[in-house]
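Please read the points below with the sequence and the coordinates open beside you. They are meant as a colleague's note and follow the chain by topic.

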Amino acid sequence: MKPINIKIMMALIEKEPGDQYVPVLKPVLMQILTELRHLRWKNSQISAKAARYRREKKDLEDALAMYQ
């Protein structure tokens with residue numbers, strides 16, 4: 001299955017006249033697409049977050065070792 005291009009979907013929905021959708025559907029659909037866009041992470045973002053967690057874990061382990 002081909003992934004959804006969220007930017008294109010949002011542009012298509014914004015260009016549609018207001019009476020094409022049920023009045024409640026258009027804002028809800030836009031909100032869902034906006035949230036999906038924020039949930040997608042690039043590999044570089046995931047790698048950076050993992051590296052940060054590894055550093056924090058090492059710092060915590062070092063701090064705990066000092067007290068034992």
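**Notes on the predicted model**

1. In helix α1 (residues 6–15), the buried residues are Ile6, Met10 and Ile13. Viewed down the axis of α1, these buried residues fall within an arc of 65°, so they line one face of the helix; the arc is that of the directions from the helix axis to the C-beta atoms. Lys7, Leu12 and Lys15, by contrast, are exposed on the other side of α1. Here buried means under 20% relative accessible area, exposed means over 50%, and partly exposed lies in between, with a 1.4 Å probe and protein chains only.

2. Before going further, please keep the basis of these values in mind. This is a predicted model, in which local features need pLDDT of at least 70 and side-chain atom pairs count only at pLDDT 80 or more, whereas totals for chains, interfaces and linings use all residues. Residues are numbered from 1 along each chain as its sequence is written, and side-chain values use heavy atoms, with hydrogens and water left out.

3. On confidence, the mean pLDDT of the chain is 77, and 79% of its residues reach 70 or more, pLDDT being the predictor's confidence in each residue, from 0 to 100. Within the chain, confidence is lowest in α2, with a mean of 74, and highest in α3, at 89. Where pLDDT is low, the predicted coordinates should not be read in detail.

4. As to the overall make-up, the chain has 3 helices and 0 strands, and its elements run α-α-α from the N terminus on. Helices (H or I, at least four residues) and strands (E, at least two) are DSSP runs, numbered from the N terminus. Of the 68 residues in the chain, 9% are buried. The accessible surface of the chain comes to about 6300 Å², and 62% of this surface belongs to carbon and sulfur atoms; accessible areas come from the Shrake-Rupley method with a 1.4 Å probe, and for residues only the protein chains shown count as cover.

5. Which residues does Met10 touch, once residues up to four places away in sequence are not counted? Met10, which has its place in helix α1, touches Met30, Leu33, Thr34 and Arg37, where contact means heavy atoms within 4.5 Å. Met10 counts as buried because its relative accessibility is 8%. Although Met10 and Met30 are 20 residues apart in sequence, they are 6.6 Å apart in space, C-alpha to C-alpha.

6. Met30 lies in helix α2 and is buried, with a relative accessible area of 15%. Leaving aside neighbours within four places in sequence, Met30 is in contact with Met10, Ile13 and Glu14; Met10 and Ile13 are also among the buried residues of α1. Met30 and Met9, which are 21 residues apart in sequence, are 9.0 Å apart in space, C-alpha to C-alpha.

7. How many salt bridges does the structure hold? There are 3 salt bridges, a salt bridge being a side-chain nitrogen of Lys or Arg within 4 Å of a carboxyl oxygen of Asp or Glu. Glu56 pairs with Arg52, their closest N and O atoms being 3.0 Å apart; because these residues are 4 residues apart in helix α3 (residues 43–66), about one helical turn separates them. Glu56 is partly exposed, at 36% relative accessible area, and Arg52 is partly exposed as well, at 34%.

8. Glu61 forms a salt bridge with Lys57, at 3.7 Å between the closest N and O atoms, and these residues too are 4 residues apart in helix α3. Glu61 is partly exposed, at 43% relative accessible area, whereas Lys57 is exposed, at 53%. Asp62 and Lys58 meet through their side chains in a salt bridge of 3.6 Å, N to O, and both lie in helix α3, about one turn apart. An α-helix has 3.6 residues a turn, so residues three or four places apart point the same way.
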